[in-house]
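Let's take a walk through this protein together.

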Amino acid sequence: MALSFWHKAYNQLQAFVDAKLEGPDTQNAMTIIRSILLGKPEDGYRMWLLCAFIPWARSARSAAKKPGGTAPTSAKLAAHEGIKADNHSAKLIDDAASHLEDIIQVRKAVTEDGSMSTNPLKRKQDKVSRQEQGLSIREWGPDWRCSVMYAILTEIAESTPEEHHELLEAYPRWLSTLKDLDLLEAYQLKPLVDGRKLAKDFDTNNGPWVGKALRLIIAWQLENPDNLNPEAAISESRETIIGLIQDEKQSRPSNAKSNGNNHEGNRKKKEKKEKKEKK
């Protein structure tokens with residue numbers, strides 16, 4: 001992004017900060033964005049910090065240091081090398097840049113298609129959309145509000161005057177929908193059951209399958225926010241969970257063989273060590 005457009009992001013963030021949270025005009029775009037994204041005292045500092053690294057928002061990642069590893073975003077590298085950012089700040093910036101495209105696509109899916117409703121009578125029809133929104137927020141993590149603000153400011157910095165106006169209508173509409181659907185704290189949602197209960201119900205041992213099964217339970221809860229029955233959640237996901245368990249059991253023989261080889265190798269080392277000690 002050209003630095004000549006950077007000021008648009010700064011000016012817009014200042015407008016959000018200056019928006020009044022009390023008074024007759026509390027439902028305008030500025031106030032909605034501020035109330036949802038700038039709710040805590042420390043949020044202001046974090047948003048200004050993120051705004052400083054918007055010029056690197058679209059820059060390509062560098063090569064990963066280790067094979068198979070994830071390369072840091074250019075924004076994170078700029079933060080590390082430019083202001084010697086601490087690990088927490090660097091992660092905040094890296095997450096915002098990493099989630100940028102995903103946030104924009106999720107927002108567009110709601111505001112451009114009008115696919116979600118806050119009407120309780122229509123919620124059943126829209127539960128897949130509600131689930132996707134909730135899972136996205138969980139993926140973005142506890143600092144998702146910062147990442148969304150980074151996306152707003154990046155899009156505004158790149159926008160034409162007409163697009164700028166449209167963005168200031170779209171983002172508040174999306175955020176209001178998330179609030180009405182009670183998804184603002186979706187990242188804190190706990191599964192209705194724990195791993196021990198799942199292992200007991202399916203009469204098997206704990207394993208990697210448990211984490212995958214719990215994610216299925218969370219997805220079901222997001223689809224069915226008014227149903228707090230853990231048995232219903234398990235029943236709905238039963239077939240998929242059984243498949244996860246079977247897949248894991250099928251992969252165990254090779255693991256067992258590997259473990260057997262390790263035990264045999266350890267036994268030989270122990271015998272060799274004992275012979276040396278006797279000498």
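Start at I103. Leaving aside its neighbours within four places in sequence, I103 is in contact with W140, S147, V148, A151 and W174, where contact means heavy atoms within 4.5 Å. I103 sits in helix 5, which covers residues 87-111. Helices here are DSSP runs of H or I with at least four residues, strands are runs of E with at least two, and both are numbered from the N terminus. Is I103 buried or exposed? With a relative accessible area of 0%, I103 is buried. The cut-offs are under 20% relative accessible area for buried, over 50% for exposed, and partly exposed in between, with a 1.4 Å probe and protein chains only. I103 also has I137 within reach of the eye: 34 residues separate the two along the chain, while their C-alpha atoms are 9.2 Å apart.

A word on what you're looking at. This is a predicted model, in which local features need pLDDT of at least 70 and side-chain atom pairs count only at pLDDT 80 or more, while totals for chains, interfaces and linings use all residues. Residues are numbered from 1 along each chain as its sequence is written, and side-chain values use heavy atoms, with hydrogens and water left out.

Now zoom out. The protein has 11 helices and 0 strands, so its pattern along the sequence is simply α-α-α-α-α-α-α-α-α-α-α. Of its 279 residues, 40% are buried. Take the contacts between residues at least 6 apart in sequence: 71% of them join residues at least 24 apart.

What about the inside? In soluble globular proteins, nonpolar side chains tend to be buried together. Here the largest nonpolar core has 53 residues, and L37, V148, M149, Y171 and W174 touch the most other members. A nonpolar core is a set of buried Ala, Val, Leu, Ile, Met, Phe, Trp, Tyr and Cys residues joined through side-chain atoms within 4.5 Å. Take Y171: beyond its neighbours within four places in sequence, Y171 is in contact with I33, I104, R107, V148, A151, I152 and E155. Apart from that core lies another one, of 15 residues, including A199, A213, I217 and A233. One of those names, I217, comes up again with S237, which is in contact with L216 and I217 once neighbours within four places in sequence are set aside. S237 belongs to helix 11, residues 230-278, and is buried at a relative accessible area of 7%.

Next, how do the helices meet? Two packed helices are described by the angle between their axes and the distance between the axes. The axes of helix 1 (residues 6-18) and helix 2 (residues 29-37) come within 8 Å and cross at roughly 80°. Axes are lines fitted to C-alpha atoms, for helices over the stretch in contact, and angles run from 0 to 180 degrees between N-to-C directions. The two helices are therefore roughly perpendicular to each other, a label for angles of 65 to 115 degrees; under 35 counts as roughly parallel, over 145 as roughly antiparallel and the rest as oblique. Q12, A15, F16 and V17 of helix 1 meet M30, I33 and R34 of helix 2.

Helix 2 has another partner: its axis and that of helix 7 (residues 144-158) come within 10 Å and cross at roughly 150°. That contact is made by I33, I36 and L37 of helix 2 and R145, V148, M149 and I152 of helix 7. Helix 3 (residues 43-51) joins in too, with D43, R46, M47, L49, L50 and C51 buried and packing against helix 1, helix 2, helix 5 and helix 7.

Finish in the loops. Most residues other than glycine have a negative phi, and most peptide bonds are trans. K84, though not a glycine, has a positive phi of about 55°. K84 lies in the loop between helix 4 (74-82) and helix 5, and is exposed at 66% relative accessible area.
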